[in-house]
Amino acid sequence: MVEQKRYALFLATLDSEFVKKTYGGYHNVFVETFGDEGEHWDSFRVVEGEFPEEKDLEKYDGFVISGSSHDSFENDPWILRLCEIVKKLDEMKKKVLGICFGHQIIARVRGGTVGRARKGPELKLADITIVKDAITPGSYFGNEIPDSLAIIKLHQDEVLVLPETAKVLAYSDKYEVEMFTIEDHFFCIQGHPEYNRDILFEIVDRVLRLGYITQEMADSAKATLENRGADRKLLETICKNFLKRQSSS
């Protein structure tokens, strides 16, 4: 009998009412994107201080760290605890997929610098340019490596200085580091492969209501998704290949 694969999701964000009502929570959004039938996925709400026991880390085949409205460079107790766990996973060479905040946390843990985005926040569907020379054909990307990918972006921080051992896989006109890998066990993406149009629109409406963005910014964010969508299928495949294959990038 094939042993069931186990994955752990570190949720650095709370469920919005919309996500709870529509999807039953972010756990389901992530598992629907990155999970396959027959796998076991556990969620730990790290933003509320919920973490696995260190002795239990060994039983997982891979980990996903979500985005967050918190800053990855802060020193809140839960953020420092998350950094400690990521250090441990690094030593164990466990596969970790870092998304947005998770991407920045991994850079921080490995000696990079994270901080406020130099060219300002981003809230839209954006194109990122793939560094084709940095990717081996037949790796997580498959045999056809795209020139660019459309991905939903929602962040005000960025990786300012990459860890020494990191390899940039994508950049954009606003940010130098959109995607990077470290060895074979860390894969990091600044954008949100798990977000769809509805989730982005709901977040835009919410931050507009709270007064964090202007009506103009809200309209322009929504306009980016008017005539096209994110390359969700391809992003999903790349992330799944990373989590589930023993291939080098």
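Helices (H or I, at least four residues) and strands (E, at least two) are DSSP runs, numbered from the N terminus. The model is predicted: local features need pLDDT of at least 70, side-chain atom pairs count only at pLDDT 80 or more, and totals for chains, interfaces and linings use all residues. Residues are numbered from 1 along each chain as its sequence is written, and side-chain values use heavy atoms, without hydrogens and water.

View 1. α5 covers residues 197-209. Its 13 residues reach 18 Å from first C-alpha to last, close to the 18 Å expected at 1.5 Å a residue (1.5 Å times one less than the number of residues). At the start of α5, a side-chain oxygen of N196 comes to within 3.2 Å of the backbone nitrogen of D198. G211 follows the helix with a positive phi, near 85°.

**View 2. The buried residues of α5.** I199, L200, F201, E202, I203, V204 and V207 are buried (under 20% relative accessible area, 1.4 Å probe, protein chains only). They pack against α1 (17-23), α2 (26-34), β6 (122-130), β7 (148-155) and α6 (215-223) (contact: heavy atoms within 4.5 Å).

**View 3. The open nine-stranded sheet.** The strand order is β2-β1-β3-β4-β11-β10-β9-β6-β7, with mixed pairing (at least two DSSP bridges between two strands). β2 (40-44) and β7 are the edge strands, each with a single partner, so one side of each has no neighbour in the sheet. Neighbouring strands are turned by 25° against each other on average, direction ignored.

**View 4. The β6 and β9 pair.** β6 pairs with β9 (residues 166-171) in the antiparallel sense over two bridges. Y171 in β9 is the bridge partner of T129.

Conventions
Buried means under 20% relative accessible area, exposed over 50%, partly exposed in between (1.4 Å probe, protein chains only). A polar contact is a pair of N or O atoms within 3.5 Å; within protein, one must be able to donate a hydrogen and the other to accept it, and residues adjacent in sequence count only if both atoms are side-chain atoms. Axes are lines fitted to C-alpha atoms, for helices over the stretch in contact, and angles run from 0 to 180 degrees between N-to-C directions.
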